[in-house]
Amino acid sequence: MRHYKSFVALGDSFTEGLNDPGPDGHYRGWADRVAERLAADDPSFRYANLAVRGKLLDQIVAEQVPLAVDMAPDLISFCAGGNDLLRPGSDPDVMAKKVARAVRDLRGCGAEVVLFTGVDPRDTPLMRRLRGRFAVFYLHVRSIADLYGCRLVDQWSMQGLRDWRAWSPDRLHMNEDGHRLVAARVLDVLGVPFEDWRKEWPERGVDPRARRREDAQWLREHLVPWVSRRLRGVSSGDGLSPKRPDLAPWF
């Protein structure tokens, strides 16, 4: 087991921690949960979280990657591209080349890097039509992880995340349970003892008519406004700063 003395998390809303409320008014999320566990092994452990909701791949590469390289931590998590994949005309092959260059730079500072596949979107209305695009991109991410010797957190295979009880009502962001599962998987990949990430939810009956009503409500209240913001070039992260911009002690 390796002891990490510092950790920098890069990305968008997933890494910022939406929708996992924290005690201080900020979102907690899987990255904070991982940092808390790593800090338990070293009182001098330092952590920065540069992720901001709504950020696109180019923004993360331009704004967050250079800062992480300058910080030169032991561990960096890099998860980007999910917002891009939902945009019309996004090209997973082009995106993968940008990810590869960013990962090369991150590895060049001596850090161990953790990459992520996304969750299989086959259970999400409309998004399932983009499943091929998602699959191509995350196959690239797997290849990049192999090429540059990165740790890979494979959310695609996490069956516990396919249940809506791991997600908030917008179906775009995990809830507390989802973030806890991801944190457990990350720590497992790092070889750090923690709780089991494998989750078997209790069976529950689903009325097909109720499911259709829920899907229609989700489209109306969450997906359509999200798409509208993207088409207008507006992001939920506009004007927001990272919640932990400096590599500082956890406690």
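Which residue stands opposite V114 in β4? S77 does. The model is predicted: local features require pLDDT of at least 70, side-chain atom pairs count only at pLDDT 80 or more, and totals for chains, interfaces and linings use all residues. Residues are numbered from 1 along each chain as its sequence is written, and side-chain values use heavy atoms, with hydrogens and water left out. Helices (H or I, at least four residues) and strands (E, at least two) are DSSP runs, numbered from the N terminus.

The sheet is open and has six strands, in the order β5-β4-β3-β1-β2-β6. Its pairing is mixed. Two strands count as paired if DSSP finds at least two bridges between them. The edges are β5 (151-154) and β6 (244-249), each of which pairs on one side only. Direction ignored, neighbouring strands of the sheet are turned by 15° against each other on average. Strands of a sheet pair through backbone hydrogen bonds, in either the parallel or the antiparallel sense.

The individual pairings are as follows. β3 and β4 run parallel and are joined by four bridges. Four bridges also link β4 to β5 in the parallel sense. Here T117 stands opposite D154 in β5. β1 and β2 are parallel as well, over four bridges. The bridge partner of F7 in β2 is Y47. Strand β2 (residues 46-49) and β6 run antiparallel, with three bridges between them. In β6, R244 is the bridge partner of N49.

Axes are lines fitted to C-alpha atoms, for helices over the stretch in contact, and angles run from 0 to 180 degrees between N-to-C directions. β4, α7 and β5 make a right-handed β-α-β unit. A crossover is right-handed if, with the strands pointing away from the viewer, the path from the first strand over the helix to the second runs clockwise.

β4 is mostly covered, with six of its six residues buried. Buried means under 20% relative accessible area, exposed over 50%, and partly exposed in between (1.4 Å probe, protein chains only). E112, V114 and F116 point one way from the strand. V113, L115 and T117 point the other way. Contact means heavy atoms within 4.5 Å. Neighbours within four places in sequence aside, the contacts of F116 include F14, W30, Y138, L152, V182 and V186.

A nonpolar core is a set of buried Ala, Val, Leu, Ile, Met, Phe, Trp, Tyr and Cys residues joined through side-chain atoms within 4.5 Å. The largest core has 36 residues, of which F7, W30 and F116 touch the most other members. β1 (6-10), α2 (29-39), β4 and α8 each give two or more residues to this core. The largest share, eight residues, comes from α8. Another core lies apart from it, with 30 residues, among them L50, L85, V103 and L247. In soluble globular proteins, nonpolar side chains tend to be buried together.

α2 is mostly covered too: ten of its eleven residues are buried. W30, D32, R33 and R37 are among the buried residues. Their cover includes β1, α1 (13-16), β2, β3, β4 and α8.

Two further sites were examined. S168 lies in the loop between β5 and α8. S168 counts as buried because its relative accessibility is 6%. Its side chain makes a polar contact of 3.0 Å with that of N19. Such a contact is a pair of N or O atoms within 3.5 Å; within protein, one must be able to donate a hydrogen and the other to accept it, and residues adjacent in sequence count only if both atoms are side-chain atoms. Not counting residues up to four places away in sequence, S168 touches N19, H173, M174 and N175.

V69 is in helix α4 (residues 65-71). With a relative accessible area of 27%, V69 is partly exposed. Leaving aside neighbours within four places in sequence, V69 is in contact with D105, L106 and C109. V69 and C109 are 40 residues apart along the chain, and their C-alpha atoms are separated by 5.7 Å.
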